[in-house]
Amino acid sequence: MPHSYNQIWIHAIWATKKRQPLVTSKIEKTVFDFMRKQFEESGCPVRIINGIPDHVHCLFLQNPKTSVAETIKQIKGSTSHFINQNSLTEERFSWQTGYACFSVSQSGMEKVFEYIKNQKKHHAKKTFQEEYDAFLKIHDMNENG
């Protein structure tokens, strides 16, 4: 085969430090638009970004030239810097160190897209911790990997 083909869709989730509700409705569009731009500049087209004030979900196509860890580190770092440089929050902003990433098959794309799109409605019934624990269980993982 003379060419290489990749299509690795990733559903990534990460939280604000100490799960503080800092990505408020007042700044979320600005933050998500900046985040989208950062993903795209990293060669990772984005299908959707959404969340609630204490965490974010992203569905993006992973650039095969970098690792998922490198991509997430770059996005989180540049977004924190952007939020702090522009004083979008009253206190210093940062994300928690960790994150969760799950591969998404083409056949599962719409289900994941709808799930991310409906985050505010979803979290009216379930906390971030309940959601996170459910993801780990579905993917047969635990806090230690």
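**Exercise 1.** Determine which residues Met 35 touches, not counting residues up to four places away in sequence.

*Solution.* Contact requires heavy atoms within 4.5 Å. By this criterion Met 35 touches Trp 14, Ile 49, Val 56, Cys 58, Ile 75, Thr 79 and Trp 95. The model is predicted: local features need pLDDT of at least 70, side-chain atom pairs count only at pLDDT 80 or more, and totals for chains, interfaces and linings use all residues. Residues are numbered from 1 along each chain as its sequence is written, and side-chain values use heavy atoms, with hydrogens and water left out.

**Exercise 2.** State how the rings of Trp 14 and Trp 95 are arranged, and which parts the pair ties together.

*Solution.* Step 1: rings of Phe, Tyr and Trp (its six-membered ring) pair if their centres lie within 6.5 Å; planes under 30 degrees apart count as stacked, over 60 as edge-to-face and the rest as tilted. A search of the whole structure finds four aromatic pairs.

Step 1: the ring centres of Trp 14 and Trp 95 are 5.9 Å apart and the planes stand at 90°, so this pair is edge-to-face.

Step 2: Trp 14 belongs to strand β1 and Trp 95 to the loop between α2 and β4 (100-104), so the pair ties together parts 81 residues apart in sequence. Strands (E, at least two residues) and helices (H or I, at least four) are DSSP runs, numbered from the N terminus.

**Exercise 3.** Identify the cluster into which ring pairs link Trp 95.

*Solution.* Phe 93 and Trp 95 have ring centres 4.9 Å apart and planes at 90°, so they too form an edge-to-face pair.
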